[in-house]
2 protein chains.
Amino acid sequence: MTTTRPLRADAARNRRSLLAAAADEFAERGLDASVADIARRAGVGKGTVFRHFATKDDLIAAIVLDRIDELNTAGQRLLEAADAGTALLEFLTVAAHQRQQRDLSFLHEAGGVNAEVARVREEMYRTVHRLVDRAREQDAVRADITGTDIILLMCAPNYVASYVPDAPPDLWRRYLAIIFDGLRPEGAHPLPHPPPTSA
Amino acid sequence: MTTTRPLRADAARNRRSLLAAAADEFAERGLDASVADIARRAGVGKGTVFRHFATKDDLIAAIVLDRIDELNTAGQRLLEAADAGTALLEFLTVAAHQRQQRDLSFLHEAGGVNAEVARVREEMYRTVHRLVDRAREQDAVRADITGTDIILLMCAPNYVASYVPDAPPDLWRRYLAIIFDGLRPEGAHPLPHPPPTSA
DNA sequence: TAACAAGTTGACCGCCCGGTCCGCTTATTG
DNA sequence: CAATAAGCGGACCGGGCGGTCAACTTGTTA
């Protein structure tokens, strides 16, 4: 294990502003936001970005890692809830709310390379599966959906809402509600296609 | 009106291969696919692309125009169907199937500038509104959803399925079915957010 | 406070993109 | 078949990107 000495005070401060600036910039402009813009927003030089994060992808990975971790923590907590259906809905609410801003759904795509991201993501996926299993056992969701389905549907409400030009910030709630109604057992019609196995 | 003389035979052929190649390339790689790659795939020089389409955006607009037109035609036809609920579901099926490949949802974004695209799109939107109104009158969908909701949800099944690495080509059917179940009146829970007005 | 390592910076590099341009090719036409 | 213009192609351009580097500044430590 590499025991790294603590960052210098100013360096630590810069690192924080950089992460915040990058999160904002990515949220507003998507992953195409330029490193130069992020640096400007954080009030540092471009070189500083690359001192803290070897590549742009590493910067993205650092942010995604945080988000996934928060999400996983929330999920773990919700596993304790008595009502598994409400717990699942709340998990999806947290997931959507966390990135209510523009599409951060790169959560799935980003850091396909980065091992750490892959690890934490797998962990979060396992939590989701457990949440779904509990909800299914309590007949709070239809019997024919899987954890993978929910993982895939997780980002859909934000995606849908993102097409509205000047959308109110919580428009996604509307579409989460519609989709969640589609997950309930009442009035469910059989699904025409089996669930995907991977992802 | 500008009466343009007919294209030369080879030029017409090139135009067709170009449109096909561009559609494929965009479908596979998204809108970031480079003009050079499209030209190569079509077996022509890069200059030829710009002879037929003044800018890359114009090329995109030409493709999107076709797609929207097809969609609108299908919608018009389905307005005649007796069962408005089934008609709406089939419309969404056509919409998803048409771009079963990777995200062509730029349907909404693309050609925000192009007047022709805007016109045809508005027309298609009107058709969707009529399909939804008919379905609502027949109680085939819940009372609290609007045409705009369906327009927004239209691309969601493909979006969701696109996250699965080697997804079977019609995985979207599964998610369309789930979402459509959420649109039915049976077991509908009240929506927490009013529908968007624009878009 | 002196000395050093850690951190910062912006000019710079190579790359790839959309778009231009002009010399060449070729379908069309009488 | 000759003449012509429509069409073609690829070298080229400016710009913006991610990433590098060497000269400079600054927090830290004894």
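## Burial of the tyrosine residues

In this predicted model, B:Tyr163 has a relative accessibility of 13% and therefore counts as buried, since buried means under 20% relative accessible area. B:Tyr159 is buried as well, with a relative accessible area of 5%.

Chain A contains residues with the corresponding numbers. A:Tyr163 counts as buried at 14% relative accessibility, and A:Tyr159 is buried with a relative accessible area of 6%.

## Aromatic pairs

Over all chains, a search of the whole structure finds three aromatic pairs. One of them joins A:Tyr159 and A:Tyr163, with 5.2 Å centre to centre and 80 degrees between the planes, in an edge-to-face arrangement. In chain B, the ring centres of B:Tyr159 and B:Tyr163 are 5.2 Å apart and their planes lie at 80 degrees, so this pair is also edge-to-face; the reason is that planes over 60 degrees apart count as edge-to-face.

Ring pairs link residues of both chains into a cluster, whose members are A:Tyr159, A:Tyr163, B:Tyr159 and B:Tyr163.

## Relation between the two chains

Two copies of a chain are related by a rotation about an axis and a shift along it. Here, chain B is superposed on chain A by a rotation of 180 degrees with 0.1 Å of shift along the axis, and the RMSD is 0.1 Å. The two copies are therefore related as by a two-fold rotation axis.

Which residue of chain B comes closest to the rotation axis? That residue is B:Gly182, whose C-alpha lies at 1.7 Å. Both copies use the same surface for contact: 98% of the contact residues of chain B recur in chain A.

Definitions and conventions. Residues numbered from 1 in each chain as written. Chains lettered and ligands numbered in written order. Predicted model: local features only at pLDDT ≥ 70, side-chain atom pairs only at ≥ 80, totals over all residues. Heavy atoms only, no water. Phe/Tyr/Trp six-rings, centres within 6.5 Å; stacked < 30°, edge-to-face > 60°. Buried < 20%, exposed > 50% of the residue type's maximum accessible area, 1.4 Å probe, protein only. Least-squares fit on C-alpha atoms with pLDDT ≥ 70 in both. Contact = heavy atoms within 4.5 Å.
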